[in-house]
Amino acid sequence: MKIILFLALTTTLLFSSLDAKALLVRTDVTKLNEQQYQANYQFYNDGQSSIDGLIVYFEYGLFDNLALLSSPIDWDMFVAPAQDIFGFQEDGFVDGLALASPLLAGETLSGMSVMFDWLGALDARGTIQRFETYDVNTFAVTSAGQFQLNKVQAVNAPSGVALYLISVCIFGFVFVTSRRSRQASKNSRNQHALMIGKGEAP
């Protein structure tokens with residue numbers, strides 16, 4: 001009974017964490033010429049918490065000459081290029097901050113459009129980008145994930161929490177099962193010893 005209750009509790013925690021901050025990302029990518037692309041982004045808040053800070057990263061060595069073409073209404077967008085700083089290869093990014101109201105659960109944020117030069121060998125459409133959301137008051141990262149350009153993908157975060165809870169669930173199950181097995185074996189040995197003491201054992 002305790003095992004069932006334990007698994008039910010950890011499963012509930014796991015799925016509640018996955019649903020706490022989920023983002024549905026839609027991108028529309030157009031190839032402008034041999035090297036230049038334009039990407040339009042939509043972010044749908046499929047979670048339970050509002051989002052007031054958002055960063056989309058553009059990997060160093062793949063994206064170059066980032067230019068912000070348009071921003072969502074009532075959001076302040078800032079673009080930083082990918083660059084090498086004293087030997088450290090830093091990804092480029094677009095940082096968005098909600099000015100009037102955050103992106104609430106069930107709402108869609110549209111209007112972010114970026115132009116960039118693509119340095120990869122393959123087509124840019126299909127490459128993976130990563131993102132973070134953060135609390136504008138503390139700048140603490142509230143979720144992180146990745147998505148593929150030109151695909152609609154739901155990314156759940158924080159991924160570390162999900163992985164941690166899965167590990168806890170597996171460890172807890174193994175621990176409880178092993179403990180019960182050892183206890184049963186101990187009880188069996190004690191009962192056998194008692195029967196020997198009474199002369200009942202074969």
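Before the first selection, a word on pairing: two strands count as paired if DSSP finds at least two bridges between them. Keep in mind, too, that this is a predicted model.

Start with everything shown as cartoon. Of the 202 residues, 32% are buried. Among contacts with a separation of 6 or more, 67% join residues 24 or more positions apart.

Next, pick out the open sheet of five strands, which runs in the order S5-S8-S3-S10-S11 with antiparallel pairing. Colour strand S5 (75-80) and strand S11 (141-148): these stand at the edges, and each has a single partner strand, so one side of each lacks a neighbour in the sheet. Neighbouring strands here are turned by 15 degrees against each other on average, ignoring direction.

S10 and S11 pair in the antiparallel sense over seven bridges. What stands opposite Ile 128 in S11? Click across and you land on Gln 148.

Now switch to a surface view. The accessible surface comes to about 12,200 Å², with 57% of that belonging to carbon and sulfur atoms.

Last stop: Phe 88, which sits in strand S7 (residues 88-90). Is Phe 88 buried or exposed? Its relative accessibility is 55%, so Phe 88 counts as exposed, the cut-off being over 50%.

Methods. Residues numbered from 1 in each chain as written. Predicted model: local features only at pLDDT ≥ 70, side-chain atom pairs only at ≥ 80, totals over all residues. Heavy atoms only, no water. Helix = DSSP H or I, 4+ residues; strand = E, 2+ residues; numbered from the N terminus. Buried < 20%, exposed > 50% of the residue type's maximum accessible area, 1.4 Å probe, protein only. Axes fitted to C-alpha atoms, helices over the stretch in contact; angles between N-to-C directions. Contact = heavy atoms within 4.5 Å. Areas by Shrake-Rupley, 256 points an atom, 1.4 Å probe, with all protein chains shown as cover.
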